[in-house]
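The following exercises are to be worked through with the sequence and the coordinates at hand. Each task is followed by a solution in steps.

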Amino acid sequence: MVLKPRTRIGMLVVIGTWFLTGCWDRHELNAIAIVVGMGIDKVGNEFRVSVQIVNPREVSSKGRGGGGSLAPAVTFEETGATLPEAMRRMTVLSPRRLNFSHLRIIVFGEDVARMGIRKPLDYISRDSEMRNDFYLVVAEGASASEVLKTYSAMDPIPSNNLNTKLAISDDLWAGTGKITLNQLLVDMATQGKSAMMTGIRVTGNRKVGETMENNRRIVPEANLVYSGSAVFKEDRMIGWIDEAETKAVNYVQDSVKRTLGIVSCPDGGKISLSVVQSKSNIRIRMNRDTPIINVYLRVEQDVSDVECNMDMSQMSTIDWINLQGERKIGDIIDKAISRVKGQLGVDIFGFGVEVHRQQPKAWHRIKDWNEVFRHAQVNVYPHVITRRIGTILQSVEHQTKGRG
Amino acid sequence: MFSSQPITNRSFTIMVIFFMIGTSILIAPNALALNAKQDAWLSCLLGVVINLLLVWLYVVLGERHPEQTLVGYSEKLLGKWIGKFVGLLFALFCYLLASLMVGDMGYFLTTQALVETPIEYLQMLFVVSIVVAIREGLQVYSRVVEIFFPWILLLFLVLIVSLAPQFDLDKLKPVLEFGMAPVMKGSFSFFSLQEMVVLLMLYPFITKGKGRGRGFIIGTLIGGIVLVVTTMGSIVVLDYTQTANNFFPTYVMAKNISIGQFLERLEGMMMLIWILSIFVKVAITFHAAIIGIAQVFRIDEKILIWPLAIGMIVLSLMCYTNVIYVQHFLSLIWTPFASVFMLVIPLILLGVSLLRKSASVG
Amino acid sequence: MNHVQDTADEALSYQLKDNLHRIKQDSGNSSDIKCREVHIEISGAASVKGIVAYTDGLSDSQALLNSLMNGPFLFEADSGHSSSLLIYLKDHVITESGVTEIESITTLFDHLLSGDSILLLEGSNSALAIGTKNLKARQVEEPNVQAVVRGPREGFTEVLSWNTAMVRRKIKDRRLWIEKKTIGTVTKTEVAIAYIDGIVAKEILAEVRQRLELIEIDGVLESNYIEEHIQEKRFALFPTVFNSERPDVVAAQLLEGRIAIMVDGTPFVLIVPAVFTQFFQSSEDYYQASVFSSLIRLLRILAFILALVTPSFYIAVTTFHQELLPTTLLYNLASQREGVPFPAFVEALMMEVTFEILREASVRMPRTIGQSISIVGTLVIGQAAVEAGLVTAAMVIVVSITAIANFVMPAFNLGITVRIIRFLLMALAASFGLFGLFLGLIVIVVRLCSLHSFGVPYMSPLAPFRISDQKDTLFRLPLPMMKKRPVTIPKENNIRQRDR
């Protein structure tokens, strides 16, 4: 089909007009509200959703608004029978269209977590704007909206602050656990592992925390602090575990990157050991139908400080430190496992997943893994190696005492 | 000059790779994980092997009639009327396939990227560009794929390498938990998504010789490797539960890329890979349909392009009422339906061809 | 321009008066056609009256007149015929090298108007055209457009014979053949086809000859007149004919089996067949270290892509796919956009058009004012527009990057193409986001692949892919490794270097 030039021009005109009517998905940057934080609470039968929106004028390095006169972030709250309804209803509050693609954190109120998070999670995972790079946390002893209303130090946007705080503490401290949407969904869908989410607390004076006054102080009146983790049975939260227990879970799940532990010297002082590498290996043996779970841990550590009088130049001292480290780690994990077994009764360590992977046949005979887990024998075999002891050899205490 | 100069073996191989990757790279992991769970990659591997066997069949068939398309020799082998009928059915199969893929493309975009844009406009824009390519002829778009190939390879490698830190190979265990049955079931529904038989319509336009068949097989193999790697990546990054529950798991997988704080949000690359590969696949399939119809009715190909292109949009809108319908259709009806064209017709043609040969010899 | 009909070709008259009258009349008594009466003295006979006609400013007839006045000549006037006197003068008197005998008015004018002097004698129906061309033309200078850091500093001039000479100086081989023909019914412009016999493919040469033959035009003032006639597609956005103003480039291309078309009156020489990757290559690539040249070539391709897609990509990402931006960058861009009244597409369009206007102005402005234009451009348009909140600073950056990248390409005409396509892609990106941009790029590649230049696929050696030519396409390998000429351009002899 050879087209005449006139026909071609006609087609161009048609296509041109079609361009002009286009732009359905076009949203200029000054027409969207960048949502960075989302909080979900339960009010009666409805969800109360709070979204935290960035006020870009106040955040960017060259804001034209006069710097600091307006709040850097705005939090809107709206209730609705379902999450999407609340979101849509938010249009009566928000001057701009909400955009969720830069969400940094989702906070669940403790009440909504206890009642089950399946319902809100469906929308979050179904919506195409949501990504997988935000973290999910549970507010401990506070509603999610309170968390999102609190001013945060340094980072003007609380949600950003929460995000980076969690990432750094997960990296260096291991007493928290960053969990993303995909991981949470997988944990909830997997029978052999229960989900866990880090908890967030508001400390100090909440009233002051909600004003900009909070940021003007050197020591903030109120602060947002991560502490411990919420444990879920299926989608319902059933209790809290503390920092040490969270660390134990991280050790077992092989998600410790770096952390720090303290052991006592014979003379009463303390030695700080910083873990630089940890590798866990879970081996399952079956004894009839009950699994025997062996956790092998290989931990590399550096000595961070020595606050007692020990002769660090001796091999035996290092061996002793290693032994103490092993005892300490084994202790933390044992304690955590027995408390989880006894009080919570769900497998947050993911042993079930390992049983499934290593003993698929036995796994299929298990009806309720959590039941089996409560009676399963778990042995922890930590193996600690000391790599470096820092820049000096003997402790300051050792040097000064030697002189006197 | 319409499809008159021969295509080099190299560009044919690349076309086969694109054809193999086609739509599958985005949607196949989902269907595979639904059936075979963490063994989806095995299932994919098996599906690729089935495809290789099929391609071998096509090569044998194609080499017996090196100068003709499938429509051409079905007329020669089955007699004028039955042959024309089979040929027309086959051309219509290609046509349906092309419009289904246009629908796939539209649904992907309206689900993941351009949520508010009317699907018709996206499909129109897409089909217009397909028409531009087809009107230039086979020779031209066979060169186009040669230009695209290094890019798609590069993008794919960047994608896989930047996802590598997130690979959790333990997610592949336990292997063969439920035995071979689900794996086979998965591969059965997988192999019908590649529709390599369509390429038999272009086979006579390729430079004759040994390289032609070899290119067909090598292309299938390379494309298959890409699919297996993608499926595996999707499982080890997302876990099979999420792979099975996302319509476009590979796109979601690409969303997960995060290296340092800067190399992230790279799903646009996945979109580019997919648009490139589906562009080539739709162009080839649509062209095959046009060649087929033109040969059955002995009319000029160029006259058919515009009307059939517009029809393709309409057909895709008719076929695609919603995603569930299509999923249902793909999982239950498509495999047996496509098998008729992918396996039964080529087998019959080969059988008749062998019989005629032995009859003429005897 | 009216198509001037050729006046009927007539033979010269025996009467000098008639001929003189004819010259005056046909040239409309043009003041620059000078006719000087001379008397040629012959020893032992009466002097013969004659006329020397020349075009003022084109020819230098001083030496000719000197020798004509140098009589009396020892001409044996026994035959008494003026024609034999003419032959005598040609053989014995005139010292200029180019002397042609002419017999018709048309040829007379052809010679007269291209700078020859015409000698007419009473009683002879033939005349002599004496090569007294004295061209007042620009001297050989450094090329303006295709400048290099290292490499020859000479560029072609407006004079065809100098240009062929410059090529000849590079290739001192008798196999360098130069064919001349005249194109343009009025301008009668000389066009030379240069090629190396034994390397060039005969069928391409025949095609070039045929296409030049078919040109029917009144005037050829620049080589683009030829270019537009011989390219395959009338509306092809991409240039399918290469041009250069550098003798070294032409020589190198001839050695690869290409054909140069040189047009009198312009320093820009056309080279065919041209392939796409050629437009990313500069002659300097071969004068610098190969590693460096390879990197520079990759940089040019990067610049090409940047120049093509930066604004459209920016529009697509900021207005359709905010999820693809890093979070901090998004805050930053969003804060810049606060209070900007126009959508990103309009903003980009405005800035691009402004830039185009500035660019055009700086080309057309007298050189001395050029400076102030750039000051107005940067200060007023750039800074003031941002401070007034009309455009975002990011958009200014995007447009500047695009503009700079645009000028990285060594071939200026490809840059023009890129500018046009950029606007199309911007429109696509503004209505369909990345999807529109991707499809636009796909269609561009399809169009590129459909082009041919004198039978050579435009995208070769990328598509169809030729592995042996990759040594000198995107990369440039060291010269000793290029033993063969590129196979992309058909040719008779492929050996560049013999193995030792």
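Helices here are DSSP runs of H or I with at least four residues, and strands are DSSP runs of E with at least two, each numbered from the N terminus. The model is predicted.

**Exercise 1. Annotated segments of chain C**

Task: State where UniProt places the feature "transmembrane region" in chain C, and give the helix content of residues 301–320 and of residues 392–416.

Solution. 
1. The UniProt record, an unreviewed entry, places this feature at residues 259–280, 301–320, 369–386, 392–416 and 423–446 of chain C.
2. In the model, residues 301–320 of chain C are 95% helix and 0% strand, with 27 Å between the end C-alpha atoms.
3. Residues 392–416 of chain C are 76% helix and 0% strand, and their end C-alpha atoms lie 26 Å apart.

**Exercise 2. Overall form of chains B and C**

Task: Determine how the radius of gyration of chain B compares with the globule rule, and carry out the corresponding analysis for chain C.

Solution. 
1. Chain B contains 13 helices and two strands.
2. Its radius of gyration is 20 Å, close to the 21 Å given by the globule rule for 362 residues, so chain B is as compact as a globular protein of that length.
3. Along the principal axes, the C-alpha atoms of chain B fill a box of roughly 65 × 45 × 35 Å.
4. Of the 362 residues in chain B, 56% are buried. Among contacts in chain B between residues at least 6 apart in sequence, 83% link residues at least 24 apart.
5. Chain C has 14 helices and twelve strands.
6. For chain C the radius of gyration is 30 Å, well over the 23 Å that the globule rule gives for 500 residues, and therefore chain C is more spread out than a compact globule.
7. The C-alpha trace of chain C spans about 105 × 60 × 40 Å along its principal axes, and 42% of the 500 residues are buried.
8. Within chain C, 67% of the contacts between residues at least 6 apart in sequence join residues at least 24 apart.
9. The domain assignment divides chain C into domain 1 (16–130), domain 2 (160–274) and domain 3 (290–453). The C-alpha centres of domain 1 and domain 3 of chain C are separated by 63 Å.

**Exercise 3. Helix H2 of chain B**

Task: Is helix H2 (residues 24–36) of chain B largely enclosed or open?

Solution. 
1. A residue is buried if 20 or more other C-beta atoms lie within 10 Å of its own.
2. Twelve of the 13 residues of H2(B) are buried, so this helix is largely enclosed by the rest of the structure.
3. Among the buried residues are Ile25(B), Leu26(B), Pro29(B), Asn30(B) and Asn35(B).
4. Lys37(B) follows H2(B) and has a positive phi, near 50°.

**Exercise 4. Strand E5 of chain A**

Task: Identify which residues of strand E5 (residues 105–108) of chain A lie on each face, then trace the pairing of E5(A) with strand E1 and strand E6.

Solution. 
1. In a regular strand the side chains alternate between the two faces of the sheet.
2. Ile105(A) and Val107(A) lie on one side of E5(A), Ile106(A) and Phe108(A) on the other, and all are buried, which leaves both faces covered.
3. Strand E1 (residues 32–43) of chain A runs parallel to E5(A), joined by four bridges. Val107(A) is the bridge partner of Gly39(A).
4. E5(A) also pairs with strand E6 (residues 135–139) of chain A in the parallel sense, over four bridges. Here the bridge partner of Ile106(A) is Leu136(A).

**Exercise 5. The two domains of chain A**

Task: Describe the contact between domain 1 and domain 2 of chain A.

Solution. 
1. The assignment gives domain 1 (31–55 + 71–241) and domain 2 (243–404) of chain A, with C-alpha centres 31 Å apart.
2. The contact takes 21 residues from domain 1 and 24 residues from domain 2 of chain A.
3. On the domain 1 side, helix H7 (158–172), strand E8 (222–233) and strand E9 (236–241) of chain A each supply at least two residues. E8(A) gives the most, with five residues.
4. By class, the domain 1 side has seven nonpolar, eleven polar and three charged residues.

Note on methods. Residues are numbered from 1 along each chain as its sequence is written. Chains are lettered from A and ligands numbered from 1 in the order in which they are written. This is a predicted model: local features need pLDDT of at least 70, side-chain atom pairs count only at pLDDT 80 or more; totals for chains, interfaces and linings use all residues. The radius of gyration is taken over C-alpha atoms; the globule rule is 2.2 Å times the number of residues to the power 0.38. Two residues are in contact if their C-beta atoms, placed from the backbone, lie within 7 Å. Domain bounds come from an automatic or database domain assignment. Ala, Val, Leu, Ile, Met, Phe, Trp, Tyr, Cys and Pro count as nonpolar, Asp, Glu, Lys and Arg as charged, and the others, Gly among them, as polar. Two strands pair if DSSP finds at least two bridges between them. UniProt positions are given in the numbering used here, feature names are shortened, and annotations may be inferred rather than shown by experiment.
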